[in-house]
Amino acid sequence: MNPSTPPAEPRTPSLYLPVECEIVAVSDLTPNEKLFRLRLPGGAVLGHLPGQFVQVSLLGWEEAPISVASSPGRGAFFELGVRRAGRLTDAMHRLKSGERVGIRGPYGRPFDLARMAGQELLLISGGCGLAPMRSLIQYCEEHPEEFGRVTMLHGARSPAEMLFRDELDAWEASARFACSRTVDRVTDGERYNGGVGLVTALIPPLELDPARTVAVIVGPPVMYRAVIAELRKKGLGPERIVVSLERQMRCGVGKCGHCTIEHLYCCQDGPVFWLDEIEHMRGAL
Ligand SMILES: Cc1cc2nc3c(=O)[nH]c(=O)nc-3n(C[C@H](O)[C@H](O)[C@H](O)COP(=O)(O)OP(=O)(O)OC[C@H]3O[C@@H](n4cnc5c(N)ncnc54)[C@H](O)[C@@H]3O)c2cc1C
Ligand code: FES
């Protein structure tokens, strides 16, 4: 664990016992992803930091780790962007506001906000990775004094699969961010006004100061190596690159060993890592 950013203490009372949260709103992000706004009993604050996740459960459908998609500054609610991927998430997609899900956490090591302070940020997300990145983006919006220029690059497979389109419009229009988006392909007749191509193609034209920039990458596994290669060409060393990794998880709290990367537990030592901590580990990327 990096000593500079101790994770917030989990607000749920037991490591193993979920707390029932009310779904106060649910909306479609894409045909396959929904945004859930949740409230802890009594309006208690979750107490997370950007980059952390919660274990979500439904009776009969086990549990799954889901990143918190909203910043801590949203107070008495927090949000989860959930892709329909299997049993639990399929059942979640059938829930309506007023219904409840179990939550444990928040867990995991968050983004190292102390070490990122004063730096220019380059936030690179792909697909569903924009959900955890959104927590950090909202944090940057709420604390403009903490960071230098913030540049965001986001890639999706197609315009229909792009998450948070209205928010991307707002971030693009905001003086706070430089924001570019791209898709792998556009189907005939689809309305879309961004770039076409892989997110890696957005990196070469950037003017970066490698001594003042921290890059953060959250996306599908296939994205990491290609993005890191482009960042290295820009002079960014592994001590200036942050990755958030996904592993199969069960307990979420360092007990079951399902999520290991060599001697590290992704659920506790991660999911956020500085690249120089894990780049030489087998199977990390
Ligand atoms: C730290 C962390 C944060 C995550 N954040 C989000 C998020 O914000 N939104 C979101 O939609 N999903 C997120 N996920 C992924 C989510 O936990 C998995 O998709 C989970 O399996 C869904 O549970 P399920 O019961 O619906 O699917 P299951 O029925 O368990 O499995 C569906 C398929 O996904 C595979 N799978 C299971 N776990 C993972 C995993 N971790 N990575 C890749 N494949 C997996 C299974 O092998 C199976 O093929 C995150 C995962 C981790 C580890
Ligand atoms: S998920 Fe159990 S040890 Fe990490």
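Student: How many bridges join strand 3 to strand 6?

Tutor: This is a predicted model, where local features need pLDDT of at least 70, side-chain atom pairs count only at pLDDT 80 or more, and totals for chains, interfaces and linings use all residues. Strands (E, at least two residues) and helices (H or I, at least four) are DSSP runs, numbered from the N terminus. Strand 6 covers residues 100-107 and runs antiparallel to strand 3. The bridges joining strand 3 to strand 6 number four.

Student: Which residue in strand 6 stands opposite Phe53?

Tutor: Residues are numbered from 1 along each chain as its sequence is written, while chains are lettered from A and ligands numbered from 1 in the order in which they are written. Two strands pair if DSSP finds at least two bridges between them. Opposite Phe53, strand 6 has Tyr107.

Student: Over how many bridges do strand 3 and strand 4 pair?

Tutor: Strand 3 spans residues 53-57, and its pairing with strand 4 is antiparallel. Val54 has Ile66 as its bridge partner, and Gln55 stands opposite Pro65. The bridges between strand 3 and strand 4 number five.

Student: Which residue takes a positive phi in the hairpin of strand 3 and strand 4?

Tutor: Five residues lie between the two strands of this hairpin. The positive phi is near 90 degrees, and the residue is Gly60.

Student: How many of the five residues of strand 4 are buried?

Tutor: A residue is buried if 20 or more other C-beta atoms lie within 10 Å of its own, exposed if 12 or fewer, and partly exposed in between, with C-beta atoms placed from the backbone. Strand 3 is mostly covered, with four of its five residues buried. Strand 4 is largely enclosed by the rest of the structure, because its buried residues number four.

Student: In what order do the six strands of the open sheet stand?

Tutor: The pairing in this sheet is antiparallel. The order is 4-3-6-1-2-5.

Student: How many bridges join strand 1 to strand 2?

Tutor: Strand 1 takes residues 19-30, and strand 2 takes residues 33-39. They run antiparallel, and Val26 stands opposite Phe36. The bridges joining strand 1 to strand 2 number seven.

Student: What separates the centres of domain 1 and domain 2?

Tutor: Domain bounds come from an automatic or database domain assignment. Domain 1 is 19-106 and domain 2 is 113-244. Taken over C-alpha atoms, the separation of their centres is 24 Å.

Student: How many residues of domain 1 are in contact with domain 2?

Tutor: Two residues are in contact if their C-beta atoms, placed from the backbone, lie within 7 Å. Domain 2 gives 14 residues, and the number from domain 1 is 14.

Student: Which elements give two or more residues to the side of domain 1 that touches domain 2?

Tutor: Domain 1 and domain 2 are in contact, as noted above. On the domain 1 side, the elements are strand 1 and strand 5.

Student: Is Ala175 buried or exposed?

Tutor: Ala175 lies in the loop between helix 4 (165-173) and strand 9 (177-183). Because there are 6 other C-beta atoms within 10 Å, Ala175 is exposed.

Student: What is the radius of gyration of the protein chain?

Tutor: The radius is taken over C-alpha atoms, and the globule rule is 2.2 Å times the number of residues to the power 0.38. With 285 residues, a compact globule would have a radius near 19 Å. The chain agrees with this, at 18 Å.
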